[in-house]
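Try each one before you read its solution.

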Amino acid sequence: MPEPRPQRSATPIAVVLVAYESAEDLPACIASLPEAAAPHELELLVVDNASRDDSAGVGRSLGAKVVETGRNLGYSRACNLGASQTSAPWLLVANPDTLLAPGSLARLVATAEADPRIACIGPRLRNLDGSDYPTGRRFPSLLTGGLHALLGTVWPSNPATRRYHLADLDRSRPAEVDWVSGACMLLRRSTFEEVGGFDGGYFMYFEDMDLCLRLARAGWSVVFEPRATVAHVVGGSTRSAPYRKVVDHHRSTLRFYRRRYAGDPRMLLLPVVAAALLCRGLLSLGRTALQQRRAGRQR
């Protein structure tokens, strides 16, 4: 994989931020963009998914073009709407709770421009405590995904989770991976449009994995670029809807399974997978209820 250096260029980059109750997060995210992108020009758009706070007003006050949806369309459809309102050849889709390091966006563009096969590229994501957020992963098989779901929270270093997270990948240089997190991903617009953008059937979660799967099936590459660093406040966009987060995650998991194994004999296991996800979802809802009750007592 070549290691280009960012060059001065006027190539514009469209940045689409999907906001939902994001008035608190938008200022820092938007403030980080100019230094992250320089010398590239930015086309900044905020899609407000019917926030109850002043996300739209904050976006406008910071110089962004704002599209108000009027209702919560979900992440995929809001991203597609934002993409349709921009025209730059590079499209950055990011959560408002991300902070891009200086030069990070220019680095993503430089690496992607050096290889015309790259359709999607993602940065190294860091949690606020400095630890790595697991982006740059492989598509989970039925066995790996099942064991990860079962063991991941109680035994984070189990072999299935390590395999899914590509724990042994050399993360000191760019590498081809199966998918990168939609919390911050740069897309070549032509390929994004070629595969039809995000699947609007995903309200939240797995839309990034699904897009990368369709890009791969169309012959394009997805790359993890560790020299571009982005801080991510995990869960910033879902803190106001913890129960919906659980439901959407499990529903999207089932949708991705159907996409991954369409036409494959493993589709015969769909009822079993659905039943397992239902049981796991109910347990997750119970755990979330306990966490909310404890948080309420602390407040």
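A disulfide here is a pair of cysteine sulfur atoms within 2.5 Å. Keep in mind that this is a predicted model.

**Exercise 1.** Work out how many disulfides the structure holds, then check Cys-79 and Cys-184.

*Solution.* 
- Start with the count: there are 0 disulfides in the structure.
- Now take Cys-79: its nearest cysteine sulfur belongs to Cys-184 and sits 12 Å away, so with a cut-off of 2.5 Å Cys-79 is in no disulfide.
- Is Cys-79 buried or exposed? Its relative accessibility is 1%, so Cys-79 counts as buried.
- On to Cys-184: the nearest cysteine sulfur is that of Cys-29, 8.2 Å off, and Cys-184 is in no disulfide either.
- Cys-184 has a relative accessible area of 1%, so it's buried.

**Exercise 2.** Describe how helix 9 (residues 242-260) and helix 10 (residues 270-298) pack.

*Solution.* 
- Look at the axes: they come within 9 Å and cross at roughly 165°.
- Angles over 145 degrees count as roughly antiparallel, so helix 9 and helix 10 are roughly antiparallel to each other.
- As for handedness, helix 9 passes helix 10 in a right-handed crossing.
- Next, who touches whom? Helix 9 brings residues including Tyr-243, Val-246, His-250, Leu-254 and Arg-258 to the contact, while helix 10 brings residues including Val-273, Leu-277, Arg-280, Ser-284 and Gln-292.
- Finally, sort the contact residues of helix 9 with helix 10 by type: 12 are nonpolar, 6 polar and 2 charged.

Methods: Residues are numbered from 1 along each chain as its sequence is written. This is a predicted model: local features need pLDDT of at least 70, side-chain atom pairs count only at pLDDT 80 or more; totals for chains, interfaces and linings use all residues. Side-chain values use heavy atoms; hydrogens and water are left out. Axes are lines fitted to C-alpha atoms, for helices over the stretch in contact, and angles run from 0 to 180 degrees between N-to-C directions. Helices (H or I, at least four residues) and strands (E, at least two) are DSSP runs, numbered from the N terminus. Angles under 35 degrees count as roughly parallel, over 145 as roughly antiparallel, 65 to 115 as roughly perpendicular and the rest as oblique. A crossing is left-handed if the near helix is turned anticlockwise from the far one by less than a right angle, and right-handed if clockwise. Contact means heavy atoms within 4.5 Å. Ala, Val, Leu, Ile, Met, Phe, Trp, Tyr, Cys and Pro count as nonpolar, Asp, Glu, Lys and Arg as charged, and the others, Gly among them, as polar. Buried means under 20% relative accessible area, exposed over 50%, partly exposed in between (1.4 Å probe, protein chains only).
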